[in-house]
Amino acid sequence: MKYVFKRLAKVRDYEECEHLDENSQARYLVSKCFGLDIEVVRDMDMPDFNECLKTYAEHHGIKLDD
């Protein structure tokens, strides 16, 4: 993977994105946890984004629907 997981999400991260729709929340949390600008996440290819989202979920103990 070309992106590196940097940190777990914080309570503040969840508070800051709670008003967003589910897809926007996912992009926001991936940007925070990978230390990326939100524009970088928006410009990712879907396979790269899905890989990052899967890594985020694994680190947070979340089971994603396939």
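Contact means heavy atoms within 4.5 Å. Helices are DSSP runs of H or I with at least four residues, numbered from the N terminus. The model is predicted: local features need pLDDT of at least 70, side-chain atom pairs count only at pLDDT 80 or more, and totals for chains, interfaces and linings use all residues. Residues are numbered from 1 along each chain as its sequence is written, and side-chain values use heavy atoms, with hydrogens and water left out.

Helix α4 covers residues 46-59. This helix has 14 residues and reaches 20 Å from its first C-alpha to its last. That is close to the 20 Å expected at 1.5 Å a residue, where the expected span is 1.5 Å times one less than the number of residues. Several α4 residues are buried, among them Phe-49, Cys-52 and Leu-53. Buried means under 20% relative accessible area, exposed means over 50%, and partly exposed lies in between (1.4 Å probe, protein chains only). The cover over the buried residues of α4 includes α1 (11-17), α2 (22-34) and α3. Just after α4, Gly-61 takes a positive phi of about 65 degrees.

Helix α2 has 13 residues, which should span 18 Å at 1.5 Å a residue. Its end C-alpha atoms are 18 Å apart, so the two values agree. The buried residues of α2 are Ser-24, Ala-26, Tyr-28, Leu-29, Val-30, Ser-31, Cys-33 and Phe-34. Their cover includes α1, α3 and α4.

How do α2 and α4 pack, and at what angle? Two packed helices are described by the angle between their axes and the distance between the axes. Here the angle is about 75 degrees and the axes are 10 Å apart. Axes are lines fitted to C-alpha atoms, for helices over the stretch in contact, and angles run from 0 to 180 degrees between N-to-C directions. That makes α2 roughly perpendicular to α4. Angles of 65 to 115 degrees count as roughly perpendicular, under 35 as roughly parallel, over 145 as roughly antiparallel and the rest as oblique. On the α2 side, the contact involves Ala-26, Arg-27, Leu-29, Val-30, Cys-33 and Phe-34. They meet Phe-49, Cys-52, Leu-53, Thr-55 and Tyr-56 in α4.

Leaving out residues up to four places away in sequence, Thr-55 touches Met-1, Phe-5 and Phe-34.

A search of the whole structure finds one aromatic pair. Phe-5 and Phe-34 form this pair, edge-to-face, with 5.5 Å centre to centre and 90 degrees between the planes. Rings of Phe, Tyr and Trp (its six-membered ring) pair if their centres lie within 6.5 Å; planes under 30 degrees apart count as stacked, over 60 as edge-to-face and the rest as tilted. Phe-5 lies in the segment before α1 and Phe-34 in α2, so the pair ties together parts that are 29 residues apart in sequence. Both Phe-5 and Phe-34 are buried.

Two further residues are partly exposed. Ile-38, in helix α3 (residues 38-42), has 25% relative accessibility and therefore falls in this class. Ile-38 touches Arg-27, Tyr-28 and Ser-31, not counting residues up to four places away in sequence. The C-alpha atoms of Ile-38 and Arg-27 are separated by 7.1 Å. Leu-8, in the segment before α1, counts as partly exposed at 46% relative accessibility. Beyond its neighbours within four places in sequence, Leu-8 is in contact with Asp-13, Cys-33, His-59 and His-60.

Notes: Helix = DSSP H or I, 4+ residues; strand = E, 2+ residues; numbered from the N terminus.
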